[in-house]
Amino acid sequence: MNAEVTILWAAAIATLGIYSILYRENPVSRLLEHIFVGLSAGYLVFTTWTQNLEGKWWNPMIHDRHWYWIFAPIVGILFYFIYSRRLVWLARLVMGLFFGTAAGTFFREFFPLYSPQIYASFKPLRPDGAALMANPGAAWSDVLLHNWIFVIILLTVMSYFFFSIPHEGKFGRNLGRSSLLGRWFLMIAFGAMFGNTVMARISLFIGRMQFLLKDWLGHYLTWFAGRGF
Amino acid sequence: MEKREADSFWQRMQQIPRYYIYLLLAGVVVWQLLWPIRLPIVPSSASQGLYDAIRAAPDDKLIVISTDWDASTQAETGPQTQAVINACFQLKKRFVIMNMQPPMGVKLSNDIATELAKLYGARYGIDWANWGYKYGYGNVLMAMAKDIPKTIGDDYYGKPVTTLPLMKGVKNIKSVGLVIEITGLSAMTETWIGLIQGPYQIPFGAAYTAVMAPIYYPYLDSGQMKGLLVGAKGAAEMEALVNRPGSATTIMNVQSWAHVLIIALIVIGNIGYLLARSQTRGRER
């Protein structure tokens with residue numbers, strides 16, 4: 001049995017073993033789960049070293065004599081002072097540095113990320129030439145319908161999240177109706193998302209079945225199905 | 001959990017043991033994998049948008065394919081990567097693979113590109129390259145925006161990227177004509193759009209697992225995203241566009257029949273619920 005066949009059988013047994021959880025919780029499935037987690041973690045460490053640390057940190061420090069890179073792990077070690085009551089301030093220093101960097105990056109991301117979407121929300125309810133140009137190939141009536149649906153859903157869903165006004169009195173009751181409609185739209189969206197989730201999960205299952213039938217049992221099934229598989 | 005006693009056919013229909021449902025689903029999948037009844041695949045405008053974006057990418061610029069996926073989503077992201085790389089090779093666009101998280105994607109996508117490169121006679125370092133796994137998310141992208149060779153350093157094989165002919169003239173993010181993010185992780189897109197697409201107006205396209213795709217449609221509507229592949233369906237559509245049916249086409253065919261079964265089960269369950277409720281109410285009266 002060569003290495004390729006061994007790997008194939010190991011993968012097939014692992015797949016079947018993991019799927020045995022569908023019947024009930026069992027030690028085989030749990031063992032394979034731990035192996036998978038361990039493999040992923042080990043691979044992460046290996047790849048981080050070979051693809052990042054070795055070339056960016058170790059080699060410059062050792063071979064190119066850029067000695068100052070020694071400070072990088074020292075800064076990293078400061079995180080562990082979180083376990084010392086007396087020296088915890090050292091951990092806070094480095095955490096503050098990271099929080100600041102992350103917050104700064106997020107601020108930088110925020111406007112390019114969301115401002116085009118806010119701008120795109122202002123859709124003309126009577127589409128003009130510019131609106132038609134933005135939707136090449138679409139008929140005027142299609143753009144009109146799309147824009148109306150978009151604006152109605154946007155406003156009603158936003159009204160659902162408007163909690164400051166009680167649903168009493170004339171305005172409040174109308175807000176309540178809009179909010180109810182918004183809730184329905186949200187439910188439809190969640191339904192669509194759940195449908196996609198089902199699709200994704202079945203794709204993964206089909207992927208494994210494809211492996212089991214095509215790669216693993218493929219040779220034996222060719223004659224059974226009456227054609228090349 | 002306390003078991004309810006089934007006293008009618010419709011109540012029993014609501015309590016089908018889950019093993020039967022699993023077996024039924026497995027049966028449909030095996031049936032369609034062995035004896036497929038082919039259904040047509042019509043590319044959506046989102047998939048067409050990504051194909052058009054690849055076609056429109058300038059020849060003197062690189063396409064960056066960020067393959068941020070691993071074995072857990074391989075059934076969807078693997079065929080997506082394959083279809084996107086097929087499109088790049090077919091349209092003779094130079095591309096690079098890179099990976100920021102999880103690191104398994106760098107090897108899995110490298111295997112796909114290596115296999116396809118043999119089919120098209122494409123050469124590593126000239127027609128395509130692998131920048132490898134680069135840890136640091138936003139920091140990597142911000143640094144890439146200013147200086148790509150310095151940020152990337154070595155490629156997947158440990159060779160300095162500056163030695164690759166493909167990298168000749170590549171300085172900063174302006175040398176990139178299109179970014180395609182293939183992932184099952186949600187945070188990656190925000191980083192790419194917020195730090196690269198928005199500030200530098202670099203065209204951006206994506207391929208996501210079907211679970212996470214719905215939340216990204218607004219980016220498509222606002223024009224921040226040129227195109228989008230949604231799960232195995234999107235991969236199958238891209239395979240149709242490049243006229244190279246592969247595993248995603250098979251998956252989608254099987255999937256359609258699996259969905260028919262699930263819809264039927266949902267309908268039976270709901271009819272059962274409504275009829276059982278009306279029977280109970282009738283008895284109460």
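Among contacts in chain B of this predicted model that link residues at least 6 apart in sequence, 73% join residues at least 24 apart. Chain B holds 11 helices and six strands. Its C-alpha trace spans about 80 × 40 × 30 Å along the principal axes. Of the 285 residues of chain B, 48% count as buried.

The largest nonpolar core has 86 residues, and the members that touch the most others are B:Ile63, B:Val84, B:Leu228 and B:Met238. In soluble globular proteins, nonpolar side chains tend to be buried together. With neighbours within four places in sequence left aside, B:Met238 is in contact with B:Ser47, B:Leu50, B:Tyr51, B:Ala83, B:Val84, B:Ala87 and B:Leu229.

One of those partners, B:Ala83, also takes part in a contact between two helices, H4(B) and H11(B). Two packed helices are described by the angle between their axes and the distance between the axes. For helix H4 (residues 74–90) and helix H11 (residues 247–284) of chain B, the axes come within 9 Å and cross at roughly 135°. H4(B) and H11(B) are therefore oblique to each other, because an angle over 145 degrees would be needed to count as roughly antiparallel. From H4(B) the contact uses B:Ala75, B:Pro79 and B:Ala83, and from H11(B) it uses B:Ser247, B:Ala248 and B:Ile251. Five of these residues are nonpolar, one is polar and none is charged.

Chain B also touches chain A. The contact takes 46 residues from chain B and 35 residues from chain A. On the side of chain A that touches chain B, the elements giving two or more residues are helix H2 (27–62), helix H4 (88–121) and helix H7 (169–216) of chain A. H7(A) gives the most, with 16 residues. By type, this side of chain A divides into 20 nonpolar, 12 polar and three charged residues.

Chain A itself is assigned three domains: domain 1 (1–65), domain 2 (67–121) and domain 3 (139–229). The C-alpha centres of domain 1 and domain 3 of chain A lie 34 Å apart.

A:Asn135 sits in the loop between helix H5 (129–134) and helix H6 (140–160) of chain A.

Technical notes. Residues are numbered from 1 along each chain as its sequence is written. Chains are lettered from A and ligands numbered from 1 in the order in which they are written. This is a predicted model: local features need pLDDT of at least 70, side-chain atom pairs count only at pLDDT 80 or more; totals for chains, interfaces and linings use all residues. Domain bounds come from an automatic or database domain assignment. A nonpolar core is a set of buried Ala, Val, Leu, Ile, Met, Phe, Trp, Tyr and Cys residues joined through C-beta atoms within 7 Å. A residue is buried if 20 or more other C-beta atoms lie within 10 Å of its own, exposed if 12 or fewer, and partly exposed in between; C-beta atoms are placed from the backbone. Two residues are in contact if their C-beta atoms, placed from the backbone, lie within 7 Å. Helices (H or I, at least four residues) and strands (E, at least two) are DSSP runs, numbered from the N terminus. Ala, Val, Leu, Ile, Met, Phe, Trp, Tyr, Cys and Pro count as nonpolar, Asp, Glu, Lys and Arg as charged, and the others, Gly among them, as polar. Axes are lines fitted to C-alpha atoms, for helices over the stretch in contact, and angles run from 0 to 180 degrees between N-to-C directions. Angles under 35 degrees count as roughly parallel, over 145 as roughly antiparallel, 65 to 115 as roughly perpendicular and the rest as oblique.
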